[in-house]
Amino acid sequence: MPHLSVKLYPGRTPEVKQAFAEKLQDFVVKELNCEPNVVSVSFKEIEADQWNDVIEGETAGEEIVIKADF
């Protein structure tokens with residue numbers, strides 16, 4: 001069921017990403033009333049100088065509910 005794809009600048013440790021993924025999973029389970037085993041989370045690190053180009057291309061066609069202002 002839900003898959004959360006997190007895109008961020010490089011530099012976070014695997015432990016930080018794991019803890020964040022678990023918090024996202026917990027939130028989704030509570031809000032969508034689903035089982036934890038159906039929630040997946042992935043990370044993609046994108047360099048700052050490539051951010052706008054990559055994000056524009058990868059989110060084309062997606063419904064962006066909250067848009068960043070940077």
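This is a predicted model: local features need pLDDT of at least 70, side-chain atom pairs count only at pLDDT 80 or more; totals for chains, interfaces and linings use all residues.
View A. Phe20 and Phe43 form an aromatic pair described as tilted, with 6.4 Å from centre to centre and 50° between the planes. Since Phe20 belongs to helix α1 and Phe43 to strand β2, the pair ties together parts that are 23 residues apart in sequence.

**View B. The aromatic pair of Tyr9 and Trp51.** The structure holds two aromatic pairs, and the one formed by Tyr9 and Trp51 is edge-to-face, with 5.2 Å centre to centre and 80° between the planes. Tyr9 sits in the loop between β1 and α1, while Trp51 is part of helix α2 (residues 51–59), so this pair links parts that are 42 residues apart in sequence. Trp51 is buried, having a relative accessible area of 12%, whereas Tyr9, with 39%, is partly exposed.

**View C. Strands β1 and β2 with the crossover between them.** Strand β1 (residues 3–8) and strand β2 (residues 40–45) run parallel and are joined by six bridges. On the way from β1 to β2 the chain passes through helix α1 (residues 14–32), giving a β-α-β crossover that is right-handed. Within this pairing, His3 has Ser40 of β2 as its bridge partner.

**View D. A nonpolar surface patch that includes Met1.** Met1, Leu32 and Val38 make a nonpolar surface patch of about 300 Å². Met1 lies in the segment before β1, and it counts as exposed because its relative accessibility is 70%.

Note on methods. Residues are numbered from 1 along each chain as its sequence is written. Side-chain values use heavy atoms; hydrogens and water are left out. Two strands pair if DSSP finds at least two bridges between them. Helices (H or I, at least four residues) and strands (E, at least two) are DSSP runs, numbered from the N terminus. A crossover is right-handed if, with the strands pointing away from the viewer, the path from the first strand over the helix to the second runs clockwise. Patches are made of residues with over 30% relative accessible area and no salt bridge: like charges are joined within 9 Å, nonpolar side chains (Val, Leu, Ile, Met, Phe, Trp, Tyr) within 5 Å. Accessible areas come from the Shrake-Rupley method with a 1.4 Å probe; for residues, only the protein chains shown count as cover. A salt bridge is a side-chain nitrogen of Lys or Arg within 4 Å of a carboxyl oxygen of Asp or Glu. Buried means under 20% relative accessible area, exposed over 50%, partly exposed in between (1.4 Å probe, protein chains only). Rings of Phe, Tyr and Trp (its six-membered ring) pair if their centres lie within 6.5 Å; planes under 30 degrees apart count as stacked, over 60 as edge-to-face and the rest as tilted.
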